[in-house]
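Visitor: I am new to this structure and would like to learn how to read it. Could you show it to me, and then take my questions in turn?

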Amino acid sequence: MTTTSEGSRLTTADFLRSAGVIPVVVVSSAAQAVLLADALSEGGLPGMEVTFRSDAAASAIRAVADERPGFVVGAGTLLTPRSVDAAVEAGAHFGVAPGTTPEVVARAAEHGLEFIPGAATASELERALNLGADVVKLFPAEVLGGVAFIDALAGPYPHARFMPTGGIRVDDLPRYLQRSSVLACGGTWIAPRDLLDAGDYAEITRRAASAVDAVRTIREPSGKEHHHGA
C-alpha cells in the first residue's frame with residue numbers, strides 16, 4: 001500500500017494509474033534524493049522509483065520516506081532477496097525488478113511489499129502472473145516493440161496490467177497510456193544523471209510538469225482509455 005500526500009491509502013496499482021508516469025532514477029546521495037523528490041512534487045509528480053544501481057539507494061529511500069512522507073518512493077532493480085530486505089528496511093512503498101525471480105518475489109511477499117516483477121517475453125509474463133503479480137514491468141519496452149508488443153500480449157493475457165519502462169519519452173506517452181492495460185510508464189528522461197549531477201532541478205521540474213500535462217491530456221477528456229487487443 002502507498003500513502004498519498006492527502007493521506008489516502010492506495011494499492012500500488014491504483015497509485016500507478018493515478019500517476020501515469022513514474023520517474024526511474026539513479027541517485028548519488030540521500031540529500032540529492034530529497035531535493036529530487038521536491039523537484040518532482042513541484043512539477044506535479046507524486047512519486048519515483050529509486051533504483052538499486054547505486055550504493056546510495058537505500059539511504060536515499062530512507063531519507064525520502066522519513067523527510068517527505070507524502071511522497072511515494074519505490075525501490076527498483078531489486079535483483080536478490082537481500083536487496084528486497086534492504087528496500088523494506090529503508091521504507092520503500094513498493095518494489096520493482098527488470099525480470100522475474102521466484103526467490104525475489106517470495107521475499108517481497110514475506111515482507112508484505114507490493115512488488116512489480118519484469119518480463120520481456122510471453123513466457124516471462126506468464127511466470128510473473130502465476131507468481132501472483134498484479135502489475136508487470138515490461139522492460140526494455142521500446143526495444144521489445146513498444147505498444148505493438150503490448151497489443152500482441154492483450155489477446156492471450158487480457159487480464160495483464162503493465163508498467164512499460166525503457167526508451168520511453170514524453171512524446172511516446174499517448175501511444176502507451178491509451179492502452180487500458182498500461183497503468184503507468186516508467187521514465188528515465190525526467191531526471192537523468194546529467195541533470196542530477198548538474199543540480200538542474202528546475203529542468204527536472206519542467207520535465208515533470210510536461211509529463212503531468214501529457215497524462216492529463218490523454219486520460220481526462222473522455223475519462224476513458226482506448227482498448228486494443230490481438
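Visitor: Which residue in β5 does Gly47 stand opposite?

Guide: Before I answer, note that this is a predicted model, in which local features need pLDDT of at least 70 and side-chain atom pairs count only at pLDDT 80 or more, while totals for chains, interfaces and linings use all residues. Residues are numbered from 1 along each chain as its sequence is written, and side-chain values use heavy atoms, with hydrogens and water left out. Helices (H or I, at least four residues) and strands (E, at least two) are DSSP runs, numbered from the N terminus, and two strands pair if DSSP finds at least two bridges between them. Here, Gly47 stands opposite Val72 in β5, and strand β4 (residues 47-51) pairs with strand β5 (residues 72-76) in the parallel sense over five bridges.

Visitor: Through which helix does the chain cross from β4 to β5?

Guide: A crossover is right-handed if, with the strands pointing away from the viewer, the path from the first strand over the helix to the second runs clockwise. From β4 the chain passes through helix α3 (residues 57-67) to β5, and this β-α-β crossover is right-handed. Another right-handed β-α-β unit is made by β3, helix α2 (residues 30-42) and β4.

Visitor: Which strands does β3 pair with?

Guide: β3 runs parallel to strand β11 (residues 185-187), to which three bridges join it, and Val21 has Cys185 as its bridge partner there. β3 also pairs with β4 in the parallel sense, over two bridges, and in that pairing Val24 stands opposite Glu49.

Visitor: Why is β3 described as largely enclosed by the rest of the structure?

Guide: Buried means under 20% relative accessible area, exposed over 50%, and partly exposed in between, with a 1.4 Å probe and protein chains only. Strand β3 (residues 21-25) is largely enclosed because five of its five residues are buried. Val21, Pro23 and Val25 point one way from β3, while Ile22 and Val24 point the other way. In β4, Gly47, Glu49 and Thr51 on one side and Met48 and Val50 on the other are likewise all buried.

Visitor: Which residues have the most contacts inside the largest nonpolar core?

Guide: In soluble globular proteins, nonpolar side chains tend to be buried together. A nonpolar core is a set of buried Ala, Val, Leu, Ile, Met, Phe, Trp, Tyr and Cys residues joined through side-chain atoms within 4.5 Å. The largest one has 67 residues, and those with the most contacts inside it are Leu36 and Ile204. Helix α11 (residues 201-219) gives the most to this core, with eight residues. Apart from this core lies another, of 13 residues, among them Leu16, Ala19, Ile22 and Met163.

Visitor: In what order do the strands of the open sheet of three strands come?

Guide: The order is β8-β9-β10, and the pairing is parallel. β8 (118-119) and β10 (162-164) stand at the edges, each with a single partner strand, so one side of each is left without a neighbour in the sheet. Two bridges join β8 to strand β9 (residues 136-138), where Lys137 is the residue opposite Gly118.
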